[in-house]
Amino acid sequence: MLSKKMQDALNQQVNAEYFSSYLYLSMAAYFQAENLNGMATWMKKQSQEELMHALKIFDYIDSRGGKVTLTAIDAPETAWKSPLAVFEATCKHEAHVTSLIHNLVNLAKAEKDHATESFLIWFVNEQVEEEDTAQQIVAKLKLVKDAPSGIFLMDRELGMRA
Ligand code: FEO
């Protein structure tokens with residue numbers, strides 16, 4: 001059985017994952033409006049991954065006899081000044097999510113909730129990958145600067161995300 005404190009914190013993380021999904025979908029909308037459909041595809045896939053993260057926590061709360069409580073999702077930003085600005089915002093957001101996950105691990109430790117601590121390891125590792133991926137894209141976009149041919153190639157590359 002989850003403690004009330006742990007249950008509430010996990011429910012907050014469900015909300016944070018849905019917000020992430022919403023944010024990346026908003027970024028996809030921005031890219032589509034800019035005719036950068038490859039980058040939009042990348043963001044839609046990212047948005048789907050975040051839904052999967054939310055559901056993983058949703059099911060975990062339930063499996064531990066907890067109660068899932070869904071709350072309002074904040075509106076995401078809708079405009080950025082360049083593809084680089086979007087991916088820099090992605091990096092910043094993922095670093096924030098990493099800190100939320102680490103706080104959950106700290107709470108699980110404090111609550112002596114070994115099962116939740118073990119469950120969260122997947123998220124700790126996932127965050128390493130997510131931050132690394134976003135940072136690599138930022139590095140490439142910095143190389144490209146705003147050169148249209150470079151943006152064109154990056155759009156094509158990101159559109160191939162599996
Ligand atoms: Fe669910 Fe991108 O962290």
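Ser21 touches Ser47, Glu50 and Leu51, leaving out residues up to four places away in sequence. Ser21 sits in helix α1, which runs over residues 4–33. Its relative accessible area is 6%. Buried means under 20%, so Ser21 counts as buried. The model is a predicted one.

Now step back to the whole chain. Its secondary structure comes to five helices and zero strands. Read along the sequence, the pattern is α-α-α-α-α. The C-alpha atoms fill a box of roughly 55 × 25 × 25 Å, taken along the principal axes. The chain has 162 residues, and 47% of them count as buried. The accessible surface comes to about 8800 Å². Carbon and sulfur atoms account for 58% of that surface. What about contacts along the chain? Take those between residues at least 6 apart in sequence: 80% of them join residues at least 24 apart.

The largest nonpolar core has 25 residues. Phe31, Met39, Met43 and Phe87 have the most contacts inside this core. The elements that give two or more residues to the core are α1, α2, α3, α4 and α5. The largest share comes from α1, with seven residues. A second, separate core has 19 residues. Among them are Leu2, Val14, Val105 and Leu120.

Met39 deserves a look of its own. Which residues does Met39 contact, leaving aside its neighbours within four places in sequence? The list is Phe31, Pro83, Phe87, Leu141, Ile151, Met154, Asp155 and Leu158. Of these, Ile151, Met154, Asp155 and Leu158 are buried residues of helix α5.

Why do the buried residues of α5 line one face of the helix? Seen down the axis of α5, they fall within an arc of 140°, so they share one face. An α-helix has 3.6 residues a turn, so residues three or four places apart point the same way. The face of α5 turned away from the buried side carries exposed residues. These are Pro148, Ser149, Phe152 and Arg156. What covers the buried residues of α5? The cover includes α2 (37–63), α3 (83–110) and α4 (114–144).

Aromatic side chains come next. The count comes to seven aromatic pairs. One of them joins Trp42 and Phe87. A pair of aromatic rings is described by the distance of the centres and the angle of the planes. For Trp42 and Phe87 the centres are 5.3 Å apart. The planes stand at 70°, and the pair is edge-to-face. Trp42 lies in helix α2 and Phe87 in helix α3. The two are 45 residues apart, and the pair links distant parts of the chain. Are Trp42 and Phe87 buried or exposed? Both are buried. They also belong to one aromatic cluster, together with Tyr30, Phe31 and Trp80.

The structure holds six salt bridges. In one of them, the side chains of Arg64 and Asp113 meet at 3.1 Å, N to O. Arg64 is in the loop between α2 and α3. Asp113 is in the loop between α3 and α4, 49 residues apart from Arg64. Are these two buried or exposed? At 18% relative accessibility, Arg64 counts as buried. Asp113, at 8%, counts as buried as well.

Another salt bridge joins Lys142 and Glu88, at 3.9 Å, N to O. Lys142 lies in helix α4 and Glu88 in helix α3, so the pair ties together parts that are 54 residues apart in sequence. Lys142 is partly exposed, at 47% relative accessibility. Glu88 is partly exposed too, with a relative accessible area of 34%.

The tour ends back at α5. Lys140 forms a salt bridge with Glu157, the closest N and O atoms being 2.7 Å apart. Lys140 is in helix α4 and Glu157 in helix α5, 17 residues apart. Lys140 counts as partly exposed, at 33% relative accessibility. Glu157 counts as partly exposed at 37%.

Definitions and conventions. Residues numbered from 1 in each chain as written. Heavy atoms only, no water. Buried < 20%, exposed > 50% of the residue type's maximum accessible area, 1.4 Å probe, protein only. Helix = DSSP H or I, 4+ residues; strand = E, 2+ residues; numbered from the N terminus. Arc of directions from axis to C-beta. Contact = heavy atoms within 4.5 Å. Salt bridge = Lys/Arg side-chain N within 4 Å of Asp/Glu carboxyl O. Core = buried A, V, L, I, M, F, W, Y, C linked by side-chain atoms within 4.5 Å. Areas by Shrake-Rupley, 256 points an atom, 1.4 Å probe, with all protein chains shown as cover. Phe/Tyr/Trp six-rings, centres within 6.5 Å; stacked < 30°, edge-to-face > 60°.
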